[in-house]
Amino acid sequence: MGSSPPLYLQIQQHLLEKIHGGDWPAHHQIPPEEQLARDFGVSRMTANKAIRDLVQQGYLTRQPGLGTFVTDRKAESSLVDVHNIAEEVRGRGHDYSNDVLRCEAIEADDEVALRLGVRLGTRVFHTLIVHRENGIPIQLENRFVNPRWVPDYLETDFSLHTPNEVLVAACPITDVEHVVEAVLADERTAAWLETDTTTPCLCMTRRTWSDDHLISYARLIHPGDRYKLRSSLHKHIQ
């Protein structure tokens, strides 16, 4: 017979069952450590470890003086750093997949030429990809890449590798520009994201450089009810 899991894992399993089963929705306050310790016949330190691990995994959040609460588990990206969306999704313990809608070379129109720093009509690479988390669309990535710096971009199998992976491998990112705004999706975008035109979306415009080279311009659109952006700043106080 196999041995029972450690007591702190049993507490975690109980908490996760409550969360995943819908008994404890987002922002619900969970029982305090003292009560969990009594209910499971363990030390408070063991109950603390169970909660602390779930806080680190993003399921719970502590609010000093108030208690511990279930987090809103929307998909989340950093507003400061540039991460691979596939790794973000898998890091949450979820399944990543995508739909490649476009993978082509096109002539830059006025907007793309301005944003990518090339002349009007310049040949650029274009990909349009819907990124999914557990089968649900969370991002429409409309990306334009300067072929001069990433000549093999269109040869990628984007069902296996994200554009971020390809760009970082070819040209390590040194500078990033982000602009975020609230938008409503047009009918075509709403259909790709499996939402409706009345649902507010987050639109992030991102440009990336490698040293002095402007590599990529992308518009990333997320359904607002499925996604959030996060930024943190550490300020040293003397």
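Predicted model: local features only at pLDDT ≥ 70, side-chain atom pairs only at ≥ 80, totals over all residues.
Two strands pair if DSSP finds at least two bridges between them.

**Strands 7, 8 and 9**

Strand 8 covers residues 200-210, and eight of its 11 residues are buried, so the strand is largely enclosed by the rest of the structure. Its pairings with strand 7 (residues 175-184) and with strand 9 (residues 213-223) are listed here.

| Strands | Sense | Bridges | A bridge pair |
|---|---|---|---|
| Strand 7 and strand 8 | antiparallel | 10 bridges | Ala182 and Leu202 |
| Strand 8 and strand 9 | antiparallel | 10 bridges | Thr208 and Ser216 |

Strand 8 and strand 9 also form a hairpin, with two residues between them. Asp211 lies in the turn of this hairpin and has a positive phi of about 55 degrees. In a regular strand, side chains alternate between the two faces of the sheet.

In soluble globular proteins, nonpolar side chains tend to be buried together. The largest nonpolar core in this model consists of 16 residues, and Ile11, Leu15 and Leu60 have the most contacts inside it. Helix 1 (7-20), helix 2 (33-40) and helix 3 (44-56) are the elements that give two or more residues to this core.

Which residues does Leu15 contact, leaving aside its neighbours within four places in sequence? Leu15 is in contact with Trp24, Leu36, Ile51, Leu54 and Leu60.

Conventions:
Residues numbered from 1 in each chain as written. Heavy atoms only, no water. Core = buried A, V, L, I, M, F, W, Y, C linked by side-chain atoms within 4.5 Å. Buried < 20%, exposed > 50% of the residue type's maximum accessible area, 1.4 Å probe, protein only. Helix = DSSP H or I, 4+ residues; strand = E, 2+ residues; numbered from the N terminus. Contact = heavy atoms within 4.5 Å.
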